[in-house]
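Hi there,

Here is the structure I promised to pass on. Please have a look, and my notes follow below.

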Amino acid sequence: MSEAVIKVTDVTKVYKLYEKPMDRLKEALSLTHKSYHTDHYALNGISLEVGRGECVGIIGTNGSGKSTLLKIITGVLNPTQGSVEIEGKISALLELGAGFNMEYTGVENIYLNGTMMGFTREEMEERVQDIIDFAEIGEFIHQPVKTYSSGMFARLAFAVAINVDPDILIVDEALSVGDIFFQAKCFRKFNEFKDKGKTILFVSHDLSSVLKYCERSLLIHRGNQIAVGKSNEVVDIYKKILANQYDENEQEVVETKIEEPADTQSFEEGSAWKNSMVQNVNCVEYGEKDAEIIDYAVVDEKGNIGSTVDKGTKFTIKSRVRFHKAIDNPIFTFTIKDRKGTPITGTNTMLESKTLDRVEAGTDVVVSFKQTMNLQGGQYLLSVSCTGYDIDNLIIHHRLYDVCFLEVFSTKDSVGYYDMDSDVTYEFYK
């Protein structure tokens, strides 16, 4: 690694939590120094070195301590213990509009933020037009920011942060602001910044972007440092946390493999595959339940159950259906929708010419759909069902709409929902 410009050493941040406001006063006045609080470790022993020119990702679930760490690095907060050393000028976009005065105009806030970063007015005058041009909010730049829409506010905040030519850029979930065109411009500027050899700390829940832009990543979970290393390896560990397959006590990754349960009893007592999925508590279900879906899973190419799949890899959708009565020609289905509820793809055993003739009562059937994930990186919803026909009438035995969350990780996306996986070649003629 090149010369370290950010050095975080054993940083811990502890907050005192009181059950009642009066307890704080009691503790302060106690002659016996009785404690009325409990300690909450927002961060516990975090260490990280970032070299000049590196782009390092920081990932973790909501409430894991990512933003707290960034605020300590930027000096907004002081650590309870540990130290932070910084070499160079930082521009941080932590919370959109942090440091903005809502009564000031956009232009006045540009100068205000420049002053807070240590620039003189003359230095900011050299940059102000670039910031205005990047924000693209027109004459609103001369209006108080309290009159801005959330999109305009986001544009100005990002434009200020990215155009002051800092040595270190810290971005916390800021590249997803504005419309798709502004997002594209943000990423172009982000790439320019990266190409100049600037140092970047990048916090995002978009793991595809983390994999694409960050050579290394830090994973924090519940304030604890879980891993620092190559982004693909750290993201793999994070997937285990998302699927509730990470053992914090043993500090190791526990992989859940698809295995048939030894018997029905043990299956019902807690070995259900769906427990490793991100389930939808508002799932809509209906049907006569003559055949009942009692379990389901998304399984990656390594055999691990979870709600994440890497684009371009093989994965399997499984449903376990219990037949309470004999049924002729049952049809098993799955559908993948986008977040707006639009069906994107799916199939069923009738379309695949894999229909069973008859299933007797008391039988459990596990149906598996194996395919390659060619959807673009993003978040989707999975629905599964068991249906059939009584002569010409469709019968819904059991249907689970939007039963679980599915996220696709991708380092390369094309246009639309589906990647044609094109192979590009060139020929030259003179």
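Phenylalanine 323 and phenylalanine 332 are both buried (under 20% relative accessible area, where exposed is over 50% and partly exposed lies in between, with a 1.4 Å probe and protein chains only). Their ring centres are 6.3 Å apart and the planes stand at 75°, so the pair is edge-to-face. For pairing, rings of Phe, Tyr and Trp (its six-membered ring) need centres within 6.5 Å; planes under 30 degrees apart are stacked, over 60 edge-to-face, and the rest tilted. That rule gives seven aromatic pairs.

Another edge-to-face pair joins phenylalanine 334 and phenylalanine 369, at 5.1 Å between centres and 65° between planes. Both of these residues are buried as well.

This is a predicted model, with pLDDT of at least 70 required for local features and 80 or more for side-chain atom pairs, while totals for chains, interfaces and linings use all residues. Residues are numbered from 1 along each chain as its sequence is written, and side-chain values use heavy atoms, leaving out hydrogens and water.

Lysine 89 sits over the face of phenylalanine 119, 4.0 Å from the ring centre, and arginine 121 over that of tyrosine 111, at 4.0 Å from the ring centre.

Finally, histidine 37 is buried, with a relative accessible area of 18%. Histidine 37 touches Lys16, Leu17, Tyr18 and Glu27, leaving aside residues up to four places away in sequence (contact means heavy atoms within 4.5 Å).

Best wishes

Methods
Lys NZ or Arg CZ within 6 Å of the ring centre and 35° of its normal.
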